[in-house]
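Morning, everyone. Please have the sequence and the model open while I talk.

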2 protein chains.
Amino acid sequence: MVQQRLLDVAIDQFGRLGFEGASTRDIAGAAETAMSSITYHFGGKEGLYLACADFIAEQIVKRLDPVFADLCDPSALDRDQAIEQMLRIVDGFCGMMIDQASAPWARFIVREQQAPTEAFERLWRGAMGPVLDSCSAVLARIRPDMPPRELRAMCMLVFGQTMVLRAGRASVFKALEVDEFSAQDAAMLRALLRRNTFAILTAEMEP
Amino acid sequence: MVQQRLLDVAIDQFGRLGFEGASTRDIAGAAETAMSSITYHFGGKEGLYLACADFIAEQIVKRLDPVFADLCDPSALDRDQAIEQMLRIVDGFCGMMIDQASAPWARFIVREQQAPTEAFERLWRGAMGPVLDSCSAVLARIRPDMPPRELRAMCMLVFGQTMVLRAGRASVFKALEVDEFSAQDAAMLRALLRRNTFAILTAEMEP
DNA sequence: GTCTATACTACGATAGAC
DNA sequence: GTCTATCGTAGTATAGAC
């Protein structure tokens, strides 16, 4: 499928070089098609860019689906169940962040966050917003005292611990003195993350 | 100073548009000088880019200096002092991440991390590496049982919580339903972060 | 639907006046 | 040191063949 090949290459190129830096010539070339296919299928460079955002949102939802599948009604969870659920969610994020498959998506998204455009709106509405809603619903069962905005902020901070594995990957590599994560590294990071998250979720309110 | 104006504009443009996306014409124009000044002062586009990295590293070290100033010998700290020190460091990071002044640096750095070049080496050697070393030395006093690589990984995860405030700022804004951080938002985030960090640092080793 | 060919614009680098 | 002028290259878009 030409469209799919174009999307795959475009996500990679836009992620690495940015919207302005990527060239439709190169994208079409790497997708082994003519430059004018972009115009035909997506209406131009910008249309291709937005289609990338939509596609990524779709993929993220698909990737996280198993994590959220058995979470039909968060308000039915008791505290311990909610904690266990939250640990599973964070571990799911962590897996996605460590996984090589998320690299192109992550590059694209991280770049969008720095200077958000219409593409970010689509990413948020399509994937990130719904995920945050689910997370804060679970967290609300653990911290019933917390106001909604604080719950959401808390989710973002916890999420930040996993995000650094992607958005700050070059630094994490330097810190661990490696060029890629070994299975042992991944296991260590997951274990640390689970422990940190558990500590955060179960801490007393007043330090 | 023409050089300084060029650096300021270049950090902004490179951060927003990437190396390939930014144009020396626009940079020179916004810095109110001729395009050929870039060749004269920095040897070309790439020289300017690397000079940006060096300048940012310098600024970060300067910005964090008060936080690390009274940390001459981390190995002399007892556990409680080390915890207090770590909380101060994280709060310092948090302040830097929330501060508008760090926005252009962050854009530049986050972009570099996605596809590291020589500029990232300079950022790491100049600022991030030394900061990590200091942090893990302090953390070692709190977790004397932890192997060095795990200490460094732990620092990165804790750091991730603050990094999300910059690298994932667009998402945090969405989560809090704002367009910029109010003083109250900043205070809430700092308080949450302090509490989370305290919980992580003082948690039992086995969850 | 997919390609080739082409029009038009903007890019980085540099030579040379001042 | 700073500017203007210009060269060669690479960008997007589009018209038209097949």
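Predicted model: local features only at pLDDT ≥ 70, side-chain atom pairs only at ≥ 80, totals over all residues.

Let's start with chain A. How many helices and strands does chain A have? The count is 10 helices and zero strands. Read from the N terminus on, the elements are α-α-α-α-α-α-α-α-α-α. The C-alpha trace of chain A spans about 60 × 40 × 30 Å along its principal axes. Chain A has 207 residues, and 57% of them count as buried. Now look at contacts in chain A between residues at least 6 apart in sequence. Of those, 69% join residues at least 24 apart.

Next, the core. In soluble globular proteins, nonpolar side chains tend to be buried together. Here, the largest nonpolar core has 162 residues. Which of its residues touch the most other members? They are F14(A), I27(A), L165(A), F14(B), I27(B), F108(B) and L165(B).

Zoom in on F14(A). Skip its neighbours within four places in sequence. F14(A) is then in contact with F19(A), A22(A), I27(A), K45(A), L48(A), Y49(A), C52(A), F108(A) and R111(A).

Pair one joins the two chains. Helix α8 of chain A, residues 148–167, packs with helix α9 of chain B, residues 169–176. The angle is about 160°, and the axes are 9 Å apart. Angles over 145 degrees count as roughly antiparallel, so α8(A) and α9(B) are roughly antiparallel to each other. The crossing of α8(A) with α9(B) is right-handed. On the α8(A) side, the contact uses R149(A), R152(A), A153(A) and M156(A). On the α9(B) side, it uses S171(B), V172(B), K174(B), A175(B) and L176(B). Sorted by class, this contact of α8(A) with α9(B) has five nonpolar, one polar and three charged residues.

Pair two sits inside chain B. Take helix α4, residues 45–68, and helix α5, residues 79–98. Their axes come within 9 Å and cross at roughly 150°. That makes α4(B) and α5(B) roughly antiparallel. Again, α4(B) passes α5(B) in a right-handed crossing. From α4(B), the contact residues are I60(B), R63(B), L64(B), P66(B), V67(B) and F68(B). From α5(B), they are Q85(B), R88(B), I89(B), G92(B), F93(B), G95(B) and M96(B). The contact of α4(B) with α5(B) divides into eight nonpolar, three polar and two charged residues.

Helix α8, residues 148–167, meets helix α10, residues 183–202. The axes come within 11 Å and cross at roughly 170°. So α8(B) is roughly antiparallel to α10(B). The crossing of α8(B) and α10(B) is right-handed. M154(B), V158(B), Q161(B), T162(B) and L165(B) contribute from α8(B). L189(B), L193(B), N196(B), T197(B) and I200(B) contribute from α10(B). This contact of α8(B) with α10(B) has six nonpolar, four polar and no charged residues.

Now some single residues.

First, N196(A). You'll find N196(A) in helix α10 of chain A, residues 183–202. Is N196(A) buried or exposed? N196(A) is buried, because its relative accessible area is 1%, and the cut-off for buried is under 20%. What does N196(A) touch, not counting residues up to four places away in sequence? Q161(A), M154(B), L157(B) and I200(B).

Second, C135(A). C135(A) is in helix α7 of chain A, residues 118–142. With a relative accessible area of 5%, C135(A) is buried too. Leaving aside neighbours within four places in sequence, C135(A) is in contact with F68(A), M86(A), I89(A), F93(A) and C155(A). V164(A) is 29 residues away from C135(A) along the chain, and their C-alpha atoms are separated by 18 Å.

Last, E32, in both chains. E32(A) is not a glycine, yet has a positive phi of about 55°. E32(B) also has a positive phi of about 55°. E32(A) is in the loop between α2 (24–30) and α3 (36–42) of chain A. E32(B) lies in the loop between α2 (24–30) and α3 (36–42) of chain B. Relative accessibility is 66% for E32(A), so E32(A) counts as exposed. For E32(B) the value is 67%, so E32(B) counts as exposed too.

That's my tour. Thanks.

Conventions: Residues numbered from 1 in each chain as written. Chains lettered and ligands numbered in written order. Heavy atoms only, no water. Axes fitted to C-alpha atoms, helices over the stretch in contact; angles between N-to-C directions. Helix = DSSP H or I, 4+ residues; strand = E, 2+ residues; numbered from the N terminus. Parallel < 35°, antiparallel > 145°, perpendicular 65-115°, else oblique. Left-handed = near helix turned anticlockwise from the far one by under 90°. Contact = heavy atoms within 4.5 Å. Nonpolar A, V, L, I, M, F, W, Y, C, P; charged D, E, K, R; others polar. Core = buried A, V, L, I, M, F, W, Y, C linked by side-chain atoms within 4.5 Å. Buried < 20%, exposed > 50% of the residue type's maximum accessible area, 1.4 Å probe, protein only.
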